[in-house]
Structures are given as C-alpha cells and as structure tokens.
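Reader: I would like to learn how to read salt bridges in a protein model. Could you walk me through them?

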Amino acid sequence: MDFKKLYINGSWVEGASGTYIGVENPATEQIFAEVPAGTATDVERASKAAQVAFAYWKNVPVSERMAYMQRMLDIFTTMKADLVQVTIQELGAPVQFARTAQIEYQFTRIQSYIDLAEKAPLEEKLPQSTVYREPVGVVGCITPWNYPLGQIVQKVVPAILMGNTVVLKPSQYTPLTAFYLAEAFHQAGFPAGVFNLVTGRGGDIGDVIAEQDEIDMISFTGSTPAGISVGRLALQHLKRISMELGGKSPCIILQGADYERAIRMCFNSIFLNSGQTCTALSRLLIPYAHKDEIKQLLCRIAKEYVVGEPTREDVQLGTVASARQFKTIRAYVEQGIRQGATLLVGEVPQKTAVGYYVKPTIFTDVTNDMTIAREEIFGPVLCVLTYQTEDEAIRIANDTTFGLSGAVWGPTKAEAIRIARNIRTGNVYINDGPRDVTAPFGGFKESGLGREGGMDGLLEFTEPQALFDAGEIG
C-alpha cells in the first residue's frame, strides 16, 4: 500500500504540499510510515470532486448503492490481515483486540448498514402530503485516533448509502486503515468523487473542511472541546453538524447483583483499548455496605489483565497511542493522588525503555467532585465511588456534563432497567446485554449531537422534504 498519496476523484494523487507526516508505532517509538500533509488546496480538490459526483450519486437507486457497498465489503474483508497489522502498529492495540474489536466488528457494522439501507423510510405518505428523505450533499467526515476504522465506518458507510458523497480526514496519528478502505472503494468501482481521502493535521485541514463552501455537513468524532471548535466554524456557514464527543460513563452495581460478572464487564470496557474508548465505563458506583467485598474482587480480577507488547496473543493491554497520551494519563493519576483518592491497583505510570505502557489503575475513596471523576482521562483508569441508596447512585451517575453511555447491573433485569431509565445517557447496558449494531449510538448533554448506528445513523445523513400533494396522486 502506497501511503504517500491522497485519494481524490477516483484516483491516487500526490498531495499539494509535497510534505509528509510520520506515523509512529507507540510500542517501538519508531516512524514506520508517512502520509501526505494535506492542505486547503487538497480539501478544495476533494470537495469539488465530491460536489460534482453528488449530482449523479444522489439519483442512483438505493439498491444499486447497496450493491456497490457489498462489493466494497467483500473486497475489504480480504484485507483483514493487513488491517490488523497496521492497527497494531499505528495504535498499539494488542493483536486480539485489534483483530476482533477494531477490524472484524467493523465488517459487521458495514454489513448492518447495507442490510438496513433497503428498509430506510425514504418516502412516507401522510394524509395530505408525501415526505421524501433526501441526501444532505457532500459530507466532511473528521475522525479520531482511538478506533481508526470504526469511527470512519460509522460515518462514511451510511452517508454514501443514503446518496451523499464524502471527504474523509482521518486522524493524523492513526490514518493507515483509511487507505485500505479507499482502495476497497476504488476496486469496487464506485464512481469518481463519491469517496475522497485527504490526510493531514487537524489544525491544518480540519478547520478548512468545516468552512469549505462545497461541504454541506460535518460529521465529527473527538473530544468535546475540539467538537465545539469545529462546530462553531461549521455553523458560521450553517452546515449540518453531527458530533459524537466525550464521555465519563457510570457503571452502577446494585446490591445483590452478580458482583464478579459486573466487574469483569466494567474492566473490559475501561481497560481494553487501554481505556481509549469514548464509552469506557470509567466511574464504578458500588453499594457502600459491600465495598470491602467488592474491593477484594477488584484486586483479584485486575491481575488477569496482562500488559505487554501488542503482538503477543496473551496481552490484553498494549500501549497507549502516543507520548502525549501517556503524559496526560500520568498527570491525571498524580492529580487523583493529590486530591485524596486511594490508589488500590496500579501506579503512577512509569516510562519504560521503549513504548508507552500504562497498567490498569483503580482509584477508591473517590468523590464525584474530584477531577479524575469529572474529566475524561482516556486511559485505563477506573474511579470507584460508593453510594448508600439507589437515589444517591442515580444522582451521582447523572452528576456530570457528559451523557454518552453507562451500565446498570442488578439482581434482576427488571431492577436494572428501572434504574437505567433514570440515567441521562444515550446508551445503557443492562447486566450482560451485548452491543446492538442496529441501535442508535450517541449522547446527551456535552457528549454530542445526533446519532450514529442503525436506522438513526442512516437517516442522520438525510433531509426531509415534504410535498403537499393532498395524498395519493390519481
């Protein structure tokens, strides 16, 4: 794969700047690939190509768009080994997690969008009118580094299936899986300009995409402050915006629940991907009366999570993504200690000779006014808080500016649902309920605007148009 070219208007082309951005392997601290440092000129070329393609693509029947996307997926799945390898290299994700969550699960997501597309209510008869769902136009997709492929899939695939065209800017830190996706689109024979890939630094071209005249909608995933910045620029031009932002998600364990299973589920959420997951269950709320029993479980189960070189099959936590992320996590751990939290498991992260490794870290004696309980750390750091009553648990869970995800474990499903219905988050896991790719995903409050996933994720990229035709046409 030639990572030194951009994909614009159906062809692999040189970037306008002639300069490149190095991609670092966080386990070896070596630059192992380079991608073009895109410029405003590249964004303009891509967006103009997408605008021209939109005039044709919007009129292609959904069934044909689905056929194109199915061909793309069939080709893309043959690239699995390469996708796993570059995800390990650019993110530091351990091989098991890279294979299953970062890659295979994204194939499932793509297929779910294809299967749902034919059911999308793109025409609805009302008593005196007909409502048509029209594609928005050219969509600028700006994606983060923590799930390099997954965040792209959630935007690009539904947007194109609904008749839009796309300009994608992946993270400068983990851009490589996007190149394989572009090649799969190319080999599938999509019309030129439907999908375009421009790499570059967020500060250089992210803002340009938000302001580009030919782009009609911005779909962004990242931190809340970055989302606010991009959103302000986009709204100056009255673009549609859809944003999936930060989280500080609670996991409530009710008295009498299966404590061990609940802890394992919470640990998988906060520790796998080294805590670099927007939905990570980073606040564990436990009944005060059972805190000693639960602390013992926390210590015992945490020992099962092996930290090590990402290529090893027995490793659950590889590295964090960068030196910057390592320093951020270390600063939060130090702050938690200063503010009076107790370090039950783990340590202040220590830099090893090579690689940015952070061990599973668990704080107890945390109160919800502490910085570590309020801000998104984006690392394998769990805050344990206690509650006396269910009402107090609900209050603590909702006492946050975020509202992305959460979980409730109860002795029965009904009891867990009763509490979950009072949690102000876009998603709540009930006991061991699995993730549903056909369900909407997104947050309340400062966790975002709009939804990804399922039918809602498809319709996010459409605009309703009502024709007042007095019903059926005779």
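Reader: How many salt bridges does the count come to?

Author: Side chains of opposite charge can pair when their charged atoms come close. A salt bridge here is a side-chain nitrogen of Lys or Arg within 4 Å of a carboxyl oxygen of Asp or Glu. By this rule the count comes to 18. This is a predicted model, where local features need pLDDT of at least 70 and side-chain atom pairs count only at pLDDT 80 or more, while totals for chains, interfaces and linings use all residues. Residues are numbered from 1 along each chain as its sequence is written, and side-chain values use heavy atoms, leaving out hydrogens and water.

Reader: Which parts does the pair Glu463 and Arg240 tie together?

Author: Their side chains meet in a salt bridge at 3.3 Å, N to O. Glu463 lies in strand β20 and Arg240 in strand β11, so the pair ties together parts 223 residues apart in sequence. Strands are DSSP runs of E, at least two residues, and helices are runs of H or I, at least four, numbered from the N terminus.

Reader: Where are Glu260 and Arg264?

Author: Both are in helix α9, four residues apart, or about one helical turn. Glu260 is partly exposed, at 26% relative accessibility (buried means under 20% relative accessible area, exposed over 50%, partly exposed in between, with a 1.4 Å probe and protein chains only).

Reader: Is Glu452 buried or exposed?

Author: Glu452 is buried, with a relative accessible area of 5%.
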